[in-house]
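Colleague: I have this one open on my screen. Please take me through it, one point at a time.

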Amino acid sequence: MQLLGIVRQIEQAGARLVSLTENIDTVTPAGRLLLTILAALTEMELEVTKERVTAGRENAASRGLWPHAAVSLPTGWTRAPDGRIVEDEHADLVRDLFRWSGEGLTPYTISQQLRAGNVTSDRGTFLPPQSIRRILANPSYHTGQIHYRRHARPHEPTSWIPLAVPPLVTEAEWQAAQRPRRGNPNLRRPDVYPLTGHLTCACGSAMNGGRAARKGGYKYTYGCRMGSRNTPKCTVTGRTNHEQPKDLVEERARAALVDVLSSEAALVALMTSPEPATDPHRAERLQLEQRRDTLIDLHVEGLIDRAEFTRRRNELQARITRLQPQVTVPEPDMTLIAGYRQAAERLTGEDYTTLLRELRVKFEVAPDGGVRVLELNVPV
């Protein structure tokens, strides 16, 4: 396709492509046909080459050989000339990281300590705290096993190929180095992000509060971010981070909650259950539905006349309708709900968060910033 596109650009510029060795002239139909055939054959050869390379790498991995360059291995290991994974000169650095973490040092402190000692990683750069956390969280350092294609196919564990590596620490040392990450408690204050835990993106992922440094201060938002999803991008917006301004989302969420609490019809719609609690006639109804389907097949095959078919079908359908379970929707207590509506209008901070938790409210945020009430536990 790229070759044909280049030829088209040449022709649009008022020129033509002529190959003296292959006797190709793009002005003639035969020349264009031959060029298309050669391009297709070249593309097929490239695809076959890719398949052979992939098969060769998988074969090497199945024999315990690392099929890529040594730089693609985690810190502390390298690729030997025969293809097997062995320790490198940075293995002792990895052991020191686990030992320091087990002694209580944080990744930030360890990073500053390495920088002060002018100690660099296998790539010649200083180790930032996030890289140290990634090393400490890697269980391969004590299990003695890594998986080829784990990062290329994270959602296909059956396709991973295990490879043996020399363990650098013991399981006890690895467990001692595991430290729970401390989040910023200020970002979980209800007076800062009261909707955290109650917002859902249109893609189904949670939208949590966050802030980013901007010139002159911080930008506060609610966002559907890659860290809270199982996909690299939001499936609705197509962006890595779907963020909406904090104040705008909170204003629209409060208005949506007040509107729902003011409408009995909206409350009934949220309270309607798609499935009844019990269905005592389910087996009998299924038998009647099977008889109805068989009757339809007979009519399609011409084995029963239309009048008889219509009569018997109507009888079966009437019996099926009578056996349908009745879904009862309780009537909401609008007097009690009026108090919740007033509370939703005026409460702030921890009191507002308590109200949202009591009502078990879930809001959905659209890509354009619109907010609607998705779930609500209304009193009856």
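Colleague: Is the crossing of α8 and α12 left-handed or right-handed?
Modeller: This is a predicted model, with local features needing pLDDT of at least 70, side-chain atom pairs counting only at pLDDT 80 or more, and totals for chains, interfaces and linings using all residues. Residues are numbered from 1 along each chain as its sequence is written, and side-chain values use heavy atoms, leaving out hydrogens and water. A crossing is left-handed if the near helix is turned anticlockwise from the far one by less than a right angle, and right-handed if clockwise. For α8 and α12 the crossing is left-handed.

Colleague: Which residues of α8 make the contact with α12?
Modeller: Contact means heavy atoms within 4.5 Å. On the α12 side, the contact uses Met334, Ile337, Tyr340, Arg341, Ala344, Glu345 and Arg346. By class, the contact of α8 with α12 has seven nonpolar, one polar and four charged residues (Ala, Val, Leu, Ile, Met, Phe, Trp, Tyr, Cys and Pro are nonpolar, Asp, Glu, Lys and Arg charged, the others, Gly among them, polar). On the α8 side, the residues are Arg254, Leu257, Val258, Leu261 and Ser262.

Colleague: At what angle do α12 and α13 pack?
Modeller: Helix α13 spans residues 349-359, and its axis is 9 Å from that of α12. The crossing is left-handed, and α12 lies oblique to α13. The angle is about 140°.

Colleague: Which residues of α13 meet α12?
Modeller: From α12 come Tyr340, Ala343 and Ala344. By class, the contact has six nonpolar, no polar and one charged residues. The α13 residues are Tyr352, Leu355, Glu358 and Leu359.

Colleague: How many charged residues are in the contact of α10 with α11?
Modeller: Helix α10 (residues 282-300) packs on α11 at about 165°, with the axes 10 Å apart. That makes α10 roughly antiparallel to α11. Residues in the contact include Glu284, Arg285 and Leu288 of α10, and Arg306, Phe309 and Arg312 of α11. By class there are six nonpolar and two polar residues, and the charged ones number nine.

Colleague: How far apart in space are Phe309 and Leu295?
Modeller: Phe309 sits in α11, residues 306-322. It is buried at 6% relative accessible area (buried is under 20%, exposed over 50%, partly exposed in between, with a 1.4 Å probe and protein chains only). Not counting residues up to four places away in sequence, Phe309 touches Leu295, Ile296, His299 and Ile304. Phe309 and Leu295 are 14 residues apart in sequence, and their C-alpha to C-alpha distance is 7.1 Å.

Colleague: Within what arc do the buried residues of α5 fall?
Modeller: In α5 (residues 129-136), the buried residues are Pro129, Ser131, Ile132, Ile135 and Leu136. Seen down the axis, they line one face of the helix, because their arc is 160°. They pack against α3 (91-102), α4 (107-116), α6 (140-143) and α7 (171-177).

Colleague: What is the phi of Arg149?
Modeller: Arg149 is in the loop between β5 (145-148) and β6 (161-164). At 15% relative accessibility, Arg149 is buried. Although Arg149 is not a glycine, its phi is positive, at about 75°.

Colleague: Is Asn118 buried or exposed?
Modeller: Asn118 is in the loop between α4 and α5. Its phi is also positive, near 60°, in a residue other than glycine. At a relative accessible area of 58%, Asn118 is exposed.

Methods: Helices (H or I, at least four residues) and strands (E, at least two) are DSSP runs, numbered from the N terminus. The arc is that of the directions from the helix axis to the C-beta atoms. Axes are lines fitted to C-alpha atoms, for helices over the stretch in contact, and angles run from 0 to 180 degrees between N-to-C directions. Angles under 35 degrees count as roughly parallel, over 145 as roughly antiparallel, 65 to 115 as roughly perpendicular and the rest as oblique.
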